[in-house]
Amino acid sequence: MKKITIIMAGIISCAMLAGCGNTASSGSESSASESAASKTPAEKTAELLAAVEFPSMVELTSDDLSARYSIEPDEISGFSAYICGSGAMPDEFGVFEAVDEDNAAEIKTALEERIEKQRDTYADYTPGEMYKFDDCFVKQNGTTVIYAICADNSAAEDILG
Amino acid sequence: MSDRRPKLPKYIIVLNIIMIVIILVICGLAFSLAFSVINSGDESSSEPYYVETEDTPSAAEDEPTAATTAVTTTAATPPVSMTKQTQNTTEPIVFTTQDTSSSVSDDPVEVGFYDKSFFSDDLFIGDSISTGLYLYNKLDQKNVAAAIGYTPYKAYTEAADLYDGSGRSALEYASSLQPKRIFIMLGSNGLSAGGDLSILESSYRTLIEKLTEACPDSKLYCISVTPITADSSAAEYSGVTNEIISEFNTDIKAMCSELGIKYFDLYSKLTDSTGYFSSEYSEVDGMHFKGTTYDVMLSYLQSELS
């Protein structure tokens with residue numbers, strides 16, 4: 001009985017230590033990803049605005065999306081996107097929640113076309129800003145589409161994704 | 001004595017105590033990490049949306065070539081004195097127009113005084129600077145026919161960035177819109193070091209002629225090319241200086257006088273005491289506008305037209 005008690009106490013202690021240790025390491029990752037997933041598009045874009053240096057940015061409206069990106073309001077359930085207000089620089093980014101994956105794919109295509117158009121526009125206009133296109137991105141994850149053209153696209157992807 | 005419960009060895013008890021302490025420490029660290037993640041999210045979301053770079057070096061510290069010219073050029077029209085320049089403010093900003101030309105009054109103008117509806121029947125034809133008119137929601141996009149890199153020549157040959165994405169040129173759009181007033185604010189993109197101003201002026205004149213023909217009932221106005229800051233990165237690329245801009249403006253003003261068109265000297269409204277584009281109104285590239293600058297511009301125009 002004494003031996004059994006000692007063995008059980010040792011096993012339980014080790015199991016608790018291992019379990020808690022595992023929770024501590026993976027827990028931070030899962031809480032971070034859950035935190036990112038639970039953020040609204042507006043919260044994500046606000047975080048990016050605070051994290052990366054931008055020129056003066058303005059938030060796009062549904063009308064802007066239709067006119068500039070060929071993204072219609074009925075394709076999306078929510079979004080938050082910004083563009084350089086002065087037109088001086090190519091900075092822009094956004095998070096789009098599509099109503100379904102097909103619409104998300106269409107939004108992704110529209111944003112890819114937008115990036116190519118901007119790349120052509122700024123190539124002659126402000127060559128010094130072209131580095132922002134080097135690792136710019138459009139990513140689709142289920143019904144969510146994110147994109148960014150900015151000075152730190154890697155950080156943008158981490159924050160928006 | 002036989003019913004006495006067996007004692008655990010001391011080392012087992014010590015081992016268990018150590019493990020409990022370790023578990024508590026690890027759990028504490030996990031909670032701390034979780035809280036820090038949550039708090040960092042809260043802090044970032046409370047940050048301001050607009051990140052604007054300030055501080056343009058004093059012109060006196062720079063090469064005097066452009067500075068001397070700019071100061072000389074604006075000597076007769078001292079710069080605007082402003083009392084507040086924060087974006088998104090609703091607090092009125094007051095500046096005093098000090099242009100000595102007969103077309104500009106000496107009365108103080110309240111910035112933020114402009115009314116969007118005042119321009120609801122008008123059309124602004126311009127370049128990237130003018131795209132900010134609707135991007136900053138200062139005007140409706142239907143009142144603007146502009147595009148990045150637009151020039152007077154492109155205004156009648158190439159598509160503007162229109163609200164309907166129709167791909168029409170500014171001239172074609174103006175023709176269909178038949179606006180009450182047409183403001184032309186072009187020239188920045190055609191100016192460069194060593195460039196021939198006469199070519200740009202010729203296309204500017206052609207644009208005026210074509211607009212006059214296409215929109216016989218519209219009243220035309222020309223707005224000066226605006227200044228650059230002492231350290232403008234945009235100007236560095238094109239080689240344009242305030243001297244070149246001022247020379248072009250002088251020619252456009254003369255053309256307007258010849259054609260009976262009112263000319264607005266926005267250049268002198270946006271310069272600081274050194275004669276350069278005030279850093280309080282300029283975008284980080286030293287050439288484009290901040291949002292507040294459009295308030296200055298539209299208030300100035302409305303006050304002159306009212």
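What share of the contacts in chain A with a separation of 6 or more is accounted for by residues 24 or more positions apart? In this predicted model, such residues account for 58% of those contacts, a contact being defined by heavy atoms within 4.5 Å. Chain A has five helices and five strands, which follow one another from the N terminus in the order α-α-β-α-β-β-α-β-β-α; helices (H or I, at least four residues) and strands (E, at least two) are DSSP runs, numbered from the N terminus. Of the 161 residues in chain A, 47% are buried, that is, under 20% relative accessible area, with exposed meaning over 50% and partly exposed the range in between (1.4 Å probe, protein chains only).

Residues are numbered from 1 along each chain as its sequence is written, and chains are lettered from A and ligands numbered from 1 in the order in which they are written. Local features need pLDDT of at least 70 and side-chain atom pairs count only at pLDDT 80 or more, whereas totals for chains, interfaces and linings use all residues, and side-chain values use heavy atoms, with hydrogens and water left out.

The model scores ipTM 0.70 and pTM 0.69. The mean pLDDT (the predictor's confidence in each residue, from 0 to 100) is 84 for chain A, where 77% of the residues reach 70 or more. For chain B the mean pLDDT is 76, and 70% of the residues reach 70 or more. Residues 39–109 of chain B have a pLDDT below 50, and beyond near neighbours in sequence this stretch has 135 contacts in the model.

Two packed helices are described by the angle between their axes and the distance between the axes. In chain B, the axes of helix H5 (residues 170–177) and helix H6 (residues 197–214) come within 9 Å and cross at roughly 25°, the axes being lines fitted to C-alpha atoms over the stretch in contact, with angles from 0 to 180 degrees between N-to-C directions. H5(B) and H6(B) are therefore roughly parallel to each other (angles under 35 degrees; over 145 is roughly antiparallel, 65 to 115 roughly perpendicular and the rest oblique). Leu171(B), Ala174(B) and Ser175(B) of H5(B) meet Lys210(B), Leu211(B) and Ala214(B) of H6(B).

Individual residues of chain B were also examined. Phe248(B), in helix H8 (residues 242–259) of chain B, counts as buried because its relative accessibility is 0%. Its contacts beyond four places in sequence include Leu186(B), Leu191(B), Leu200(B) and Tyr204(B), as well as Leu197(B), whose C-alpha atom is separated by 6.8 Å from that of Phe248(B) although the two residues are 51 apart along the chain. Ser130(B), in helix H3 (residues 128–135) of chain B, is likewise buried, at 1% relative accessibility, and touches Val144(B), Ala146(B) and Met185(B), residues up to four places away in sequence not being counted. Ile261(B) is placed in the loop between H8 and strand E7 (262–264) of chain B and is buried, with a relative accessible area of 12%. With the same exclusion of residues up to four places away, Ile261(B) touches Ile208(B), Leu220(B), Tyr221(B), Cys222(B) and Cys256(B).
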